[in-house]
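User: Could you take a close look at a single part of this model for me? I'd like to know what surrounds it, how its ends look and which side-chain links tie it in.

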Amino acid sequence: MKAQEALQAIKEKPLAPLYLVLGTESYLQDRIKQAFMERLQLQKDDLDLVYFDLEQDPLNLVVAEAQAPSLFSLEDKRLIIAENPLFLTAEKKSNVIDQDLTDFLSYLKAPSDSGVVVIIAPYEKLDERKKVSKLLKKQAVVIDVQPLKEQEVERYIRQTLTAENIQLDRVAFDTFMQLTEMDLTKAMQELDKLLLYGANGAPLTKEVILQLVPKSLENNIFELTENVLRGDADKALRIYEDLHLQGEETIKINAILIGQVRLLLQTKILTKAGYQQANIAQTLKVHPYRVKLAMQQVRKYDEKQLMDLYDELVENDYLVKTGQMDKEFLFQLFVLKSAH
């Protein structure tokens, strides 16, 4: 079940005893949790609302709470929210408790009606080879909160703006989406500023958007890369100095720049091989919007130019980390060389 459908169902339909919220989109995760709390009229400190972190808390406590009677909740149901069920995945982490699954497996076969258990799994997928994962997906109402596609994010933001009677022209809207990197969680975090600014009818132009929404480090590195490739040393050094003033370390800037140029080079190679945007994003495991920008960027540059740039950045990283060159001097020299 998609998140939007689930939000409507939580509001209007009888609640199931068990839900699995699967996916990495934190904004949608929060919306789902809030919807359950509103349905049962619970506040964060209510006795009928219990939170567990399953990387630290024993799973049998979740079962015990789910089977306990409600004290004051609407519909005589307790709400048990259990997050980070790493035991459902193939991932291994240190300092995570080993879960005893005995009670939980028994509970899954016959969930109690006195509790609504919501398991928040912030992962791309579960380990389907595990008995507990298979049984949970079979018994629970599964809510999909994976990141939305580019068009879905745009539609969601436009619907939110329309509901608040806020108008953005195409240029301003595109600027906002670029600054928030087509990421729903980032966009919704920044949207409050737009709603507040535009509440009295003030026009939200591109210039206003640029003032209200800060550029992320990744956005700045994207611009820095573009200026380095164009040979515009002045603009590149200005962005570098701005990042320095914001407290960003040269080694970190160089590392992210290496990653950006690597993405451009990989995108160039895969595009030449006939790959489309979605295929490239899936192959490289990066956000489709980053691939879209990379595909636009690499059209202007040849493969050798990108390869030479990548090799020089990697070499500079080695020289700095082995103490052979001063990091700031070497980075500035690298940018100046790009102008020739």
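Analyst: Helices here are DSSP runs of H or I with at least four residues, numbered from the N terminus. Keep in mind that this is a predicted model. I'll go for α7, which spans residues 170-179.

D169 caps the N-terminal end of α7, with a side-chain oxygen 3.2 Å from the backbone nitrogen of V171. R170, in turn, makes a salt bridge with E154, and their closest N and O atoms are 3.8 Å apart. E154 sits in helix α6 and R170 in helix α7, so this pair ties together parts that are 16 residues apart in sequence. What about burial of the two partners? E154 counts as buried because its relative accessibility is 18%, while R170 comes out partly exposed because its relative accessible area is 44%.

Moving along the helix, A172, F173, T175, F176, M177 and L179 are buried.

After the helix comes E181, and its phi is positive, near 55°.

One of those neighbours has a link of its own: E226 and K300 form a salt bridge at 2.8 Å, N to O. E226 belongs to helix α10 and K300 to the loop between α14 and α15, 74 residues apart. E226 is buried at 10% relative accessibility, whereas K300 is exposed at 51%.

Conventions: Residues are numbered from 1 along each chain as its sequence is written. This is a predicted model: local features need pLDDT of at least 70, side-chain atom pairs count only at pLDDT 80 or more; totals for chains, interfaces and linings use all residues. Side-chain values use heavy atoms; hydrogens and water are left out. Buried means under 20% relative accessible area, exposed over 50%, partly exposed in between (1.4 Å probe, protein chains only). Helices (H or I, at least four residues) and strands (E, at least two) are DSSP runs, numbered from the N terminus. A polar contact is a pair of N or O atoms within 3.5 Å; within protein, one must be able to donate a hydrogen and the other to accept it, and residues adjacent in sequence count only if both atoms are side-chain atoms. A salt bridge is a side-chain nitrogen of Lys or Arg within 4 Å of a carboxyl oxygen of Asp or Glu.
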